[in-house]
Amino acid sequence: MVLAPTGKAAKVASKATGKKAMTVHRALKYNPNGGFFYNSRNKLPADCVVLDESSMLDLEMAGYLFDALSHSTKVIFLGDTKQLPSVGCGNILKDLIESNLVNTVTLNVVKRQGEQSGIVKNANKIISNEIITTEKETKDAYVFASKGDQDSLDKIISLFDKLV
């Protein structure tokens, strides 16, 4: 069973896997008048749950999901702690990883940009709390100085006009 915290994430997971994916709410059969159909007394019939974009899972929904799973259900969390945060309170994925109580695999292969991309270089600088720079060699990451809101807006419009 492939789940995600949001409808958009579920659609992306479904497209990527070719399998039906749904939100946690839908899988647990949320009823606005009475909570969830699947809960601590009525377990979700799943041998394995893959939870995509799990960095967005908040504490409340994690509680409902875990209550509805049997002890034998395998759970695979997919996500990036440096990307989308929880939609509510909590930091489930990061806390699980830092607990050292679960097996983790870290993927470090860049898929969306070239490995030497200025975007990747600057993203890693941001993660390391370093100052980002214009990447003249790769010509794909630029930093512009601005003197305020209006100056920023003027630069954005000018760059947009050049691109169009």
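Reply: This is a predicted model. A compact globule of 164 residues would have a radius of gyration near 15 Å, whereas the protein has 21 Å. The C-alpha trace spans about 60 × 35 × 30 Å along the principal axes. Of the 164 residues, 26% are buried. The accessible surface comes to about 12100 Å², and carbon and sulfur atoms account for 55% of it.

The protein contains six helices and six strands. Their order along the sequence is β-α-β-α-β-β-β-α-β-α-α-α. Taking the contacts between residues at least 6 apart in sequence, 50% join residues at least 24 apart. On the charged side, there are 21 positive and 18 negative side chains, with the centres of the two sets 7 Å apart.

Now the aromatic rings. A pair of aromatic rings is described by the distance of the centres and the angle of the planes. The structure holds five such pairs. In the one you ask about, the ring centres of Phe66 and Phe77 are 6.2 Å apart and the planes stand at 75°, so the pair counts as edge-to-face; the cut-off for that class is an angle over 60 degrees. The two partners are eleven residues apart and link distant parts of the chain, with Phe66 in helix H3 (residues 59-68) and Phe77 in strand E6 (residues 74-77).

How far is each ring-bearing residue covered? Phe66 has a relative accessible area of 38% and is partly exposed. Phe77 is at 23% and is also classed as partly exposed. Elsewhere among the aromatic residues, Tyr30, Phe36 and Tyr64 form one cluster.

Val49 lies in strand E5 (residues 48-51) and is buried, at 0% relative accessibility. Leaving out residues up to four places away in sequence, Val49 touches Met1, Leu3, Leu44, Leu69, Thr73, Lys74, Val75 and Ile76. One of these, Leu3, is 46 residues from Val49 in sequence, with the two C-alpha atoms 7.0 Å apart.

Thr6 sits in the loop between strand E1 (2-4) and helix H1 (7-17). Thr6 is partly exposed, with a relative accessible area of 24%. Beyond its neighbours within four places in sequence, Thr6 is in contact with Thr23, Met56 and Val87. From Thr6 to Ala62 there are 56 residues along the chain, and the C-alpha atoms are separated by 13 Å.

Two residues deserve a check of their backbone angles. Most residues other than glycine have a negative phi. Lys29 is not a glycine, yet its phi is positive, at about 55°. Lys29 is found in the loop between helix H2 (24-27) and strand E3 (30-31), and with a relative accessible area of 44% it is partly exposed. Asn100, likewise not a glycine, has a positive phi of about 60°. Asn100 belongs to the loop between helix H4 (92-99) and helix H5. At 67% relative accessibility, Asn100 counts as exposed.

Lys125 is in helix H5 and, despite its charged side chain, is buried, with a relative accessible area of 19%. That figure falls under the 20% limit for buried.

With 44% relative accessibility, Ser128 is partly exposed. Ser128 and Val2 are 126 residues apart in sequence, and their C-alpha atoms are 32 Å apart in space.

To return to the request: the pair of Phe66 and Phe77 is edge-to-face, it connects helix H3 with strand E6, and both members are partly exposed.

Notes:
Residues are numbered from 1 along each chain as its sequence is written. This is a predicted model: local features need pLDDT of at least 70, side-chain atom pairs count only at pLDDT 80 or more; totals for chains, interfaces and linings use all residues. Side-chain values use heavy atoms; hydrogens and water are left out. Helices (H or I, at least four residues) and strands (E, at least two) are DSSP runs, numbered from the N terminus. The radius of gyration is taken over C-alpha atoms; the globule rule is 2.2 Å times the number of residues to the power 0.38. Buried means under 20% relative accessible area, exposed over 50%, partly exposed in between (1.4 Å probe, protein chains only). Contact means heavy atoms within 4.5 Å. Accessible areas come from the Shrake-Rupley method with a 1.4 Å probe; for residues, only the protein chains shown count as cover. The place of a charge is taken as NZ of Lys, CZ of Arg, CG of Asp or CD of Glu. Rings of Phe, Tyr and Trp (its six-membered ring) pair if their centres lie within 6.5 Å; planes under 30 degrees apart count as stacked, over 60 as edge-to-face and the rest as tilted.
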